Protein chains: 2
Amino acid sequence: MSKRQLLLLSSSNYHGHEFLQFARDWITDFLKKNNVSKILFIPYASTEPDSYTKYTEKVAKPLKEFGFDVEGIHESRDPVEAINNASAIFIGGGNTFHLLKTLYDKRIVEAIRSRVLDNGIPYIGSSAGTNVATVSINTTNDMPIVLPPTFYALQLLDFNINPHYLDPITDDKHRGETRAQRINEFHHINSSPVLGLREGSALLVDGDNATLIGHTKAILFCRNEDPQEFEPDSDLSFLVSSS
Amino acid sequence: MSKRQLLLLSSSNYHGHEFLQFARDWITDFLKKNNVSKILFIPYASTEPDSYTKYTEKVAKPLKEFGFDVEGIHESRDPVEAINNASAIFIGGGNTFHLLKTLYDKRIVEAIRSRVLDNGIPYIGSSAGTNVATVSINTTNDMPIVLPPTFYALQLLDFNINPHYLDPITDDKHRGETRAQRINEFHHINSSPVLGLREGSALLVDGDNATLIGHTKAILFCRNEDPQEFEPDSDLSFLVSSS
């Protein structure tokens, strides 16, 4: 039985809500259940130079309001030590390639894995932070602005997620690939299932149990199978147990 | 004065037209001007197993109708020899990561560069085939389903292109990054200009001269500058000469 405790948000923003506010109850319940009051925030998905403090403050504001303290990993001299001392980790959204490359550059991939999988400290991911929690970033929507040493990621789960999943727009005149076509291309090469998380939804993982939470359905793509829709509150443990 | 002859299409499909038909006159004029009757097609952007013949046939059909013969590179035992014997090269669209990885796997990057830049054989690219003609694939829209050894590409030009450029949709409720935001992230890291080619347009390059052709405007993003729109038939040689 895995110790992992994960809250993986499709996005930090949801139409009609202020930053992170739509996820207020989920974050609060998740951290309280795990007796956490302080969160280590990892802002490496931000691509703006010298933006880590600004990004951490942006995240700290709603979390403070929810009752939690936030520290940015960039404030520590030793990022590995910061991970080893963290009681919870939150990796925010931005550019997934920049995030993964920086996790490897700072040599904290193994430390995060160990803290989450062996020590069971809670992990919150949003968008890019959700992508890197899975097997690989092969199903990100982001632009490949930098080259990470590998696309393999934290592997806290061993299937893939596509955050910000987007349904095809009716009568669209654009001829670029739809999201479903892109995931289909992924399945020409890879066999890992891909969970498409629409904005406003999240995957809550407690050990070997997983539940879809939120305001929208999720869509699961398995190789050589028709995609399958799941209602909010669906039990998705089969994805985790098979992993 | 460079010998390069490039026709770089944003896409092979354009709303309201059959495959490649919107580009009929451009392709015909471009190849006739260069006295070419036979084209070597590179189908490596296709991710479907065993699909290279099918993809080559799909491209050969309209090109035959325009008056040109098409051979797929996969029909040759030696891809480098096929490039060295080619009188024109066409690289089609699909997945840019799969395309670039395969160009490196088959060890034909240098051969293509040499044939186009030193020998002046005409190069047609569409979508992914346009992406790989530039400095790098850092500004592709595709999903990173495989990891190429580098994001550097054929470097027939030394700026970047974003094909299938898409304007933000008014009143969109989706909170994922817009195309312009993604290109802005690219410019946090890289200084290369990015030409956003909307569907239905192309860049025609003759030595050190470049012209925007087609049905739509193009948008140019330069680091720390406001994006600039260009009308069809605009002279974009400044991009090429400065390269």
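1. The sheet of chain B. In this predicted model, chain B contains an open sheet of seven strands with mixed pairing, in the order β3-β2-β4-β5-β1-β8-β9. Its edges are formed by β3 (69-72) and β9 (209-214) of chain B, each of which pairs on one side only. From one strand to the next, the twist averages 20°.

2. The β2-β3 pair and the helix across it. In chain B, strand β2 (residues 38-42) pairs with β3(B) in the parallel sense, over four bridges. Within this part of the sheet, Lys38(B) stands opposite Asp69(B) of β3(B). Helix α2 (residues 52-66) of chain B lies across β2, β3 and β4 (89-91) of chain B. The direction of α2(B) is at about 170° to that of β3(B).

3. The surroundings of Arg198(B). This arginine belongs to strand β7 (residues 194-198) of chain B. Arg198(B) has a relative accessible area of 10% and is therefore buried, the cut-off being under 20%. Its side chain reaches the backbone oxygen of Lys217(B) at 3.0 Å. Leaving aside residues up to four places away in sequence, Arg198(B) touches Ser10(B), Tyr165(B), Asp167(B), Thr216(B), Lys217(B), Ala218(B), Ile219(B) and Glu229(B).

4. Helix α7 of chain A. The buried residues of helix α7 (residues 179-189) of chain A are Arg179(A), Arg182(A), Ile183(A), Glu185(A), Phe186(A) and His187(A). Among the elements that cover these residues are the strands β6 (160-165), β7 (194-198) and β10 (218-221) of chain A.

5. Overall form of chain A. Chain A comprises eight helices and eleven strands. Its C-alpha atoms fill a box of roughly 50 × 35 × 35 Å along the principal axes. Of the 243 residues in chain A, 59% are buried. Among contacts in chain A with a separation of 6 or more, 70% are between residues 24 or more positions apart.

6. The relation between the chains.

Terms used:
Residues are numbered from 1 along each chain as its sequence is written. Chains are lettered from A and ligands numbered from 1 in the order in which they are written. This is a predicted model: local features need pLDDT of at least 70, side-chain atom pairs count only at pLDDT 80 or more; totals for chains, interfaces and linings use all residues. Side-chain values use heavy atoms; hydrogens and water are left out. Two strands pair if DSSP finds at least two bridges between them. Helices (H or I, at least four residues) and strands (E, at least two) are DSSP runs, numbered from the N terminus. Axes are lines fitted to C-alpha atoms, for helices over the stretch in contact, and angles run from 0 to 180 degrees between N-to-C directions. Contact means heavy atoms within 4.5 Å. Buried means under 20% relative accessible area, exposed over 50%, partly exposed in between (1.4 Å probe, protein chains only). A polar contact is a pair of N or O atoms within 3.5 Å; within protein, one must be able to donate a hydrogen and the other to accept it, and residues adjacent in sequence count only if both atoms are side-chain atoms.
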